[in-house]
Amino acid sequence: MPAAQQAPHVTKGPPQAAGAVARALRSALAKPLLWLLALLPLASLVWGAAANTLGANPAETLIRSTGDWTLRLVCITLAITPLRHITGWHALARFRRLLGLFTFFYGVLHFLCYAWLDMGLDLGATLRDIPKRPFILVGTAALLLMVPLATTSFNRAIQALGAQRWQALHRAVYATAMLGLLHFFWMRSAKNNFAEVAVYAAVLALLLGWRAWRWWRRHAA
Ligand code: HEM
């Protein structure tokens, strides 16, 4: 039937689905669900450790999985703004702070797994090891950069700093992402294994490239 003859109540599928997603994103259940989803990797590692199913080298699995989740969460956090602009689902902004804090949480867990399982919680040995291994030094820089971001992610800090200064400070997340990628690349280069690194590099190139393109368009206009 030609579109002009369709009954007025017949609406197209995709816009209806998009509306449902937008409503779901605004719902009161969305944040608790995100909490659950973000805690699933930790729950699966704790479960694996208790059930002894983390493989032949559980310490390595714990350190690597928490590192993987830190990098994944950086990418997911950075994907919020482009997704908002492309889809028009502005309610996505509600989740950015929580995702950023979970990124930091997994980064701290990753560091603690290393300090505990690789370094035996020996603070002196840990501090000596960091500058000795460049890939660890780069990872430490990435984590330290997240500290001011996590500690100023609350409304009172935003008010105290002012929106512009707060935004400028929070651009450090781009450096964290790049350093996290370099850390991963450096670690894998010792094994000549770049397949996963290439995937993260492509994702980050897209996410940061989109921002660079928008910045260029704003300033070229
Ligand atoms: C103080 C900070 C950090 C330390 C000490 C550290 C240390 C380590 C260590 C020891 C490994 C395992 C190396 C191996 O098994 O040979 C590792 C792997 C990894 N780290 Fe970190 N890291 C830090 C921060 C970060 C941060 C901030 C990110 C992400 C943004 C990150 C992402 C990763 C990734 C993706 C891996 C590889 C996981 C895999 O092979 O699947 N690390 N890190």
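Of the 221 residues of the protein chain, 18% count as buried, a residue being buried if 20 or more other C-beta atoms, placed from the backbone, lie within 10 Å of its own, exposed if 12 or fewer do, and partly exposed in between. The model is predicted: local features need pLDDT of at least 70, side-chain atom pairs count only at pLDDT 80 or more, and totals for chains, interfaces and linings use all residues. Residues are numbered from 1 along each chain as its sequence is written.

The protein chain contains 10 helices and 0 strands. Helices (H or I, at least four residues) and strands (E, at least two) are DSSP runs, numbered from the N terminus. Along the principal axes, the C-alpha trace spans about 75 × 45 × 40 Å. Among the contacts in the chain with a separation of 6 or more, 64% join residues 24 or more positions apart; two residues are in contact if their C-beta atoms, placed from the backbone, lie within 7 Å.

The ligand is surrounded by 22 residues, and the closest are Gly-67, Thr-70, Gly-139, Ala-142 and Gly-180. A residue is near a molecule if its C-beta atom, placed from the backbone, lies within 6 Å of it. At least two residues of this shell come from each of α3, α4, α6 (134-151) and α9 (172-189), and α3 gives the most, with 8 residues. By class, the shell has 10 nonpolar, 8 polar and 4 charged residues. Here Ala, Val, Leu, Ile, Met, Phe, Trp, Tyr, Cys and Pro count as nonpolar, Asp, Glu, Lys and Arg as charged, and the others, Gly among them, as polar.

Two packed helices are described by the angle between their axes and the distance between the axes. The axes of α3 and α9 come within 10 Å and cross at roughly 145°. Such axes are lines fitted to C-alpha atoms, for helices over the stretch in contact, and angles run from 0 to 180 degrees between N-to-C directions. On the α3 side the contact is made by Thr-70, Leu-71, Val-74 and Leu-78, and on the α9 side by Val-173, Thr-176, Ala-177, Gly-180 and Phe-184. These residues divide into 6 nonpolar, 3 polar and no charged.

Two loops deserve attention for their backbone angles. Most residues other than glycine have a negative phi. Asn-52, in the loop between α2 (30-51) and α3 (58-87), has a positive phi near 60°. Asn-52 counts as exposed because it has 8 C-beta neighbours inside 10 Å. Leu-121 lies in the loop between α4 (96-118) and α5 (123-132), and its phi is positive, about 55°. Leu-121 is exposed, with 10 other C-beta atoms within 10 Å.
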